[in-house]
Amino acid sequence: MIDKSFHIITFGCQMNVNDSRWLELSLAERGFVKADTADAQVVVVNTCSVREKPERKVAAALADVRRVTRADPKVLVAVAGCVAQRLGEKLFSPEGQVRLLIGSDGLIRAPEAIEHLLAEPDLRLSLLDFTDRYEERGRMRGASGPVAQVNIMQGCDNFCAYCIVPFTRGRQKSRAAASVLEECRARLNEGAREICLLGQNVNAYGQDKRGDGVTFSGLLACVAALPGLARLRYVTPHPKDMGPEDVSAFGDLAPLCPRLHLPLQSGSDAVLKNMGRKYDGRDFLNLVERLRKVRPDMALGTDIIVGFPGESEKDFEDTLNMMEACEFVSSFSFCYSDRPGTRAALFPDKVDPAVSRERLARLQTLQETQTRRLFAKRVGQKTEILIEGRSRRQEAGKTSWQGRDPYGVLVHLALSGNTDYTGKMVPVIITQCKKHTLMAQQAGGLW
Ligand code: SAH
Ligand code: SF4
Ligand code: F3S
């Protein structure tokens with residue numbers, strides 16, 4: 001075991017990834033070094049509770065940590081994130097390795113708690129209280145890289161019938177606009193060229209009592225105007241909160257990329273109503289149409305739940321039809337999973353898991369066909385790639401690099417020389433499409 005060393009294992013969404021990154025940098029500032037699980041004095045498992053399966057992975061990960069560290073009681077294991085928030089002190093293991101629980105709002109106090117627990121081997125701590133305001137965590141110093149993820153809020157007030165997030169992340173709390181802008185500026189000064197604003201319901205930013213009067217579209221315009229910014233994205237908006245200003249922003253703000261992840265969840269009006277999504281199929285289609293009017297090349301991604309309680313074959317076909325009508329370029333789709341404490345967990349008419357799995361397979365086949373068709377149209381097109389790092393692909397005499405185009409698609413390309421191209425913008429021509437990625441060739445000077 002190395003003194004003052006840590007290892008973080010991360011499951012879940014981009015907010016979790018960003019939380020882990022913050023913890024990593026904060027521990028590094030306190031003199032901790034990264035290590036493999038087997039050598040680490042502190043192991044943090046940052047968890048996701050959105051469906052049963054990711055939650056089951058946590059038990060497996062904790063068992064793994066126990067095995068790899070040979071159950072050494074001197075190793076401090078912390079469980080962070082949504083499972084820690086949901087299960088609380090049940091996670092304290094009788095054998096003593098898990099001694100710290102870090103809830104959503106507790107993260108800010110985690111570095112100090114870790115130091116405290118290392119000095120006090122018989123102590124356990126749980127940081128599970130929710131705060132009523134967005135607490136500033138302190139800057140992510142040294143989080144360089146071409147893409148900066150910046151939190152603008154915490155929690156969600158929507159309580160969609162199936163969703164655990166409002167219980168694990170708490171009520172919606174908007175971060176002060178001045179702090180968001182300060183972080184964005186600092187990240188751009190450190191070399192970031194793209195900013196992605198993060199939250200569970202970003203376009204409801206400012207519409208909670210902790211907001212400071214700045215709306216989402218107002219914030220977006222301020223970020224878009226920051227010097228040095230080449231690209232701007234955000235995730236995740238709620239279709240019901242996409243106001244006219246959020247739509248027109250795609251025409252008005254030059255750095256705002258023509259790619260939007262817009263969770264549909266279902267194409268059936270009856271299912272959407274039972275989910276409590278507060279829009280129907282027509283509203284969604286109308287929104288898609290307005291977005292494409294402003295940006296005809298708009299690429300849309302989505303989330304779909306299949307087999308929601310009461311979903312009939314006809315409801316499911318409505319979803320397939322909507323997938324085609326909206327021409328999503330990608331989608332995350334999952335079988336509905338009961339989450340304890342949510343409304344849907346108590347709904348009757350649960351769909352037979354075998355039926356759900358069969359529907360999911362059909363939906364994913366349709367998505368693959370659609371992606372292939374949309375990708376094929378891209379071959380021969382000119383675009384620009386922001387290089388994020390080396391790619392594992394090999395090409396004789398050249399190094400392979402990867403990055404994203406403005407539509408959020410991962411693109412591989414070979415560049416000559418030994419220079420580090422990370423953070424460079426490369427004009428390219430798309431030469432080939434694969435299942436999930438595109439291949440390209442340089443077609444102009446880097447900038
Ligand atoms: N705030 C975002 C995402 C929340 S969770 C939104 O409103 O869309 C990410 C995705 O997980 C959801 O979009 C949904 O498709 C899926 N999901 C959430 N709860 C689920 C459940 N109980 N069963 C299956 N999928 C679920
Ligand atoms: Fe969950 Fe709905 Fe909130 Fe998204 S908007 S986090 S699906 S409750
Ligand atoms: Fe999972 Fe929590 Fe994110 S449940 S999806 S880690 S907000």
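**Exercise 1. In what order do the 3 strands of the open sheet with β7, β10 and β11 lie, and is the pairing parallel or antiparallel?**

Ground rules first. This is a predicted model, where local features need pLDDT of at least 70, side-chain atom pairs count only at pLDDT 80 or more, and totals for chains, interfaces and linings use all residues. Residues are numbered from 1 along each chain as its sequence is written, chains are lettered from A and ligands numbered from 1 in the order in which they are written, and side-chain values use heavy atoms, with hydrogens and water left out.

Solution. 
- Step 1. Read the order: β7-β10-β11, with parallel pairing. Two strands pair if DSSP finds at least two bridges between them.
- Step 2. Find the edges: β7 (147–151) and β11 (231–235) each pair on one side only.
- Step 3. Check one pair: 5 bridges join β10 (residues 194–198) to β11. Leu198 has Val235 of β11 as its bridge partner.

**Exercise 2. Describe the 6-strand open sheet.**

Solution. 
- Step 1. The order is β2-β1-β3-β4-β5-β6, and pairing is parallel.
- Step 2. Its edge strands, β2 (33–34) and β6 (125–127), each pair on one side only.
- Step 3. β1 (residues 5–10) pairs with β2 in the parallel sense over 2 bridges. Phe6 is partnered by Lys34 in β2.

**Exercise 3. Which residues of α11 are buried, and what covers them?**

Solution. 
- Step 1. Check the length: α11 (residues 313–326) has 14 residues, which should span 20 Å at 1.5 Å a residue, and its end C-alpha atoms are 20 Å apart. The expected span is 1.5 Å times one less than the number of residues.
- Step 2. List the buried residues (under 20% relative accessible area; exposed is over 50%, partly exposed in between; 1.4 Å probe, protein chains only). They are Asp315, Phe316, Thr319, Leu320, Met322, Met323 and Cys326.
- Step 3. Look down the axis: the buried residues of α11 fall within an arc of 160°, so they line one face of the helix. The arc is that of the directions from the helix axis to the C-beta atoms.
- Step 4. Name the cover, which includes α9 (269–275), α10 (281–294), β13 (299–306), β14 (330–335) and α12 (353–378).
- Step 5. Leave the helix: Glu327 follows α11 with a positive phi, near 50°.

**Exercise 4. Which residues of α10 are buried, and which exposed residues sit on the face turned away?**

Solution. 
- Step 1. Gly281, Phe284, Leu287, Val288 and Leu291 are buried.
- Step 2. These buried residues of α10 line one face because they fall within an arc of 130°.
- Step 3. The face turned away from the buried side carries the exposed Arg282, Glu289 and Lys293.
- Step 4. The buried residues pack against α8 (244–252), β12 (259–261), α9, β13 and α11. Contact means heavy atoms within 4.5 Å.

Key. Helices (H or I, at least four residues) and strands (E, at least two) are DSSP runs, numbered from the N terminus.
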